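Dear colleague,

Please find below the structure that I am handing over to you.

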Amino acid sequence: MPDKKPDSKDRSHQRQTVSAGREGDRKVKASGIHANLAPENESEISPPLSDAELVQLRVRVIALENIVIALLAQAPERQLELAREMAVYISPRQGFTPHPMTVHAAAEMHSLVKRADAFRSGEQSGWDGVRKE
């Protein structure tokens, strides 16, 4: 990563955009992310994802989630405890504003460990929600 100081003109523009309100804040964040990820000679912004691409991403996330559950189901207790600790670690701390996505992510982490525990103990449910043993 090159050592490059931010241009004062850029910072001034960002301050103006941020002061325009929440939408401006999102623009600054998005442009900052894009600037960090895009090659310097690329001036085009990548197009939004199509419906088919979004569906494919959802399918991949579901597959990965189930693989994580399967791996956690055979993991030693210490690894399960580590996953629980990480969920607590990303949860909002007292005195800080909770971010909804972080709160949801922590809840999902707890859910993955709980579902893995169900597989470990043979309490997984079938498609109809009935407990199988």
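**Salt bridges in the model**

Arginine 78 forms a salt bridge with glutamate 85, and the closest N and O atoms of this pair are 3.1 Å apart. Glutamate 85 counts as partly exposed, at 36% relative accessibility. Please note that the model is a predicted one.

A further salt bridge links arginine 84 to glutamate 77, with 3.2 Å between the closest N and O atoms. Both partners are partly exposed: the relative accessible area is 21% for arginine 84 and 44% for glutamate 77.

Glutamate 65 and arginine 115 form another salt bridge, their closest N and O atoms lying 3.3 Å apart. Glutamate 65 belongs to helix α3 (residues 51-73) and arginine 115 to helix α5 (residues 100-121), so this pair ties together parts that are 50 residues apart in sequence. As to accessibility, glutamate 65 is partly exposed, with a relative accessible area of 25%. Arginine 115 is likewise partly exposed, at 31%.

With a salt bridge taken as a side-chain nitrogen of Lys or Arg within 4 Å of a carboxyl oxygen of Asp or Glu, the count for the model comes to 5.

With kind regards

Note on methods. Residues numbered from 1 in each chain as written. Predicted model: local features only at pLDDT ≥ 70, side-chain atom pairs only at ≥ 80, totals over all residues. Heavy atoms only, no water. Helix = DSSP H or I, 4+ residues; strand = E, 2+ residues; numbered from the N terminus. Buried < 20%, exposed > 50% of the residue type's maximum accessible area, 1.4 Å probe, protein only.
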